[in-house]
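Dear colleague,

Please read them with the coordinates open.

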Amino acid sequence: MRKHAEKSKIIRSSPALQKISKKMLAQGKSIGLVPTMGALHKGHVSLIEKSVKSNDVTIVSIFVNPVQFGANEDFAKYPRRLLADAKLCGEAGASIVFAPEPKDMYPLPLQTFVHNPALENLYCGAYRPGHFAGVLSVVAKLFNIAMPCKAYFGEKDFQQLHLIRRMACDLNFSVKIIGARTIREKNGLAMSSRNEYLSTEERAAAGSIYAGLLAAKKLHGQGEVSAAKLKSAVKERIERASGKIQYVEIVNKNDLMPVGTKVLRNAVVLVACYFGKTRLIDHVEL
Ligand code: AMP
């Protein structure tokens, strides 16, 4: 992080950002975009720093997108702290923070959505109806508003990253999608804004998610190809730590389709589980 950072400029309105982006592109500047929901942590900062390294201008969007939350989800309680986030963005070298209110992003209720019927109802999508259509739609809007040359997303949200790559390809967005590795706590827990909901005990116990994934990876490395046994290795560790499994799936890395009973190459284990009331996700490549 930079010691004597420039402050990031906070922009609230979409037309204002679009105007700035057009001007910067006309000046030949490259724009990197890091879409977030705020409550920034080191995972987000790693994306911002990656963008700062290879673009003239980095825009961080901070928007808790109502359209991607289900009725019983945590939209209302999701942590919001714009000023502290903007300070972190400045320290990481971002020039602009785009922080619209829902009424600015959606002056009219959204009627036009981006869907991926093949994938949006699988894995996380099976438990969060409408979530991925909400994500894809807001990311498409952000691409049109910020007009980035490159956009940065975490591998942590593995299904999301895949869907965004596929949207950019299918719909010819002229933006390069860059994936970045997952930043973790010392105990292996993937950093997430939602980790703030965890009690100290839950946070410690949630280290079992990555431990379970690594156990499956080790077994696979030792020659175990049974999908059932690999999934059990993950489940066992999480359940032993009092976590509740929502799903464990083993999928093909390239198309996200479920592998059969045998796990050979290019496979990824996806997991979603609860510690207390907090839903956490993670994955590992085998
Ligand atoms: P969010 O604010 O949770 O919507 O995340 C914004 C972006 O940061 C997404 O592309 C996430 O995948 C990414 N991200 C979240 N947590 C991490 C992490 N621990 N390591 C790397 N990237 C992350």
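Helices and strands are named here as DSSP runs, a helix (H or I) having at least four residues and a strand (E) at least two, and they are numbered from the N terminus. Please keep in mind throughout that this is a predicted model.

With those names in place, the end of helix H7 can be described: just after H7, Asn-172 adopts a positive phi of about 55°. H7 itself covers residues 158-170, and its 13 residues reach 18 Å from the first C-alpha to the last, close to the 18 Å expected at 1.5 Å a residue. Its buried residues are Phe-158, Gln-159, Gln-160, Leu-161, His-162, Leu-163, Ile-164, Met-167 and Ala-168, and these pack against helix H5 (124-127), helix H6 (131-146), strand E5 (150-154), strand E6 (176-180), E8 and E9.

E8 and E9 belong to the sheet, an open one in which 3 strands follow the order E7-E8-E9 with antiparallel pairing. Strand E7 (244-252) and strand E9 (278-285) are the edge strands, each of them pairing on one side only, and neighbouring strands are turned by 15° against each other on average, direction ignored. Between E7 and strand E8 (residues 267-275), which run antiparallel, there are 8 bridges; Ile-245 stands opposite Cys-273 in E8.

Two further helices lie across this sheet. Helix H9 (residues 207-221) lies across E8 and E9 and runs at about 25° to E9, whereas helix H10 (residues 227-240) lies across E7 and E8, at about 150° to E7.

H10 deserves a separate look. Its 14 residues should span 20 Å at 1.5 Å a residue, and since its end C-alpha atoms are 20 Å apart, the two values agree. Which residues of H10 are buried? They are Ala-227, Leu-230, Ala-233, Val-234 and Ile-238, and because they cover an arc of only 135° around the axis, they are placed on the same side of H10. An α-helix has 3.6 residues a turn, so residues three or four places apart point the same way. On the other side of H10, Ala-228, Lys-229 and Arg-240 are exposed, while the cover over the buried residues of H10 includes H9, E7 and E8. H10 is followed by Ser-242, whose phi is positive, near 70°.

Note on methods:
Residues numbered from 1 in each chain as written. Predicted model: local features only at pLDDT ≥ 70, side-chain atom pairs only at ≥ 80, totals over all residues. Heavy atoms only, no water. Pairing = 2+ DSSP bridges. Axes fitted to C-alpha atoms, helices over the stretch in contact; angles between N-to-C directions. Contact = heavy atoms within 4.5 Å. Expected span 1.5 Å × (residues − 1). Buried < 20%, exposed > 50% of the residue type's maximum accessible area, 1.4 Å probe, protein only. Arc of directions from axis to C-beta.
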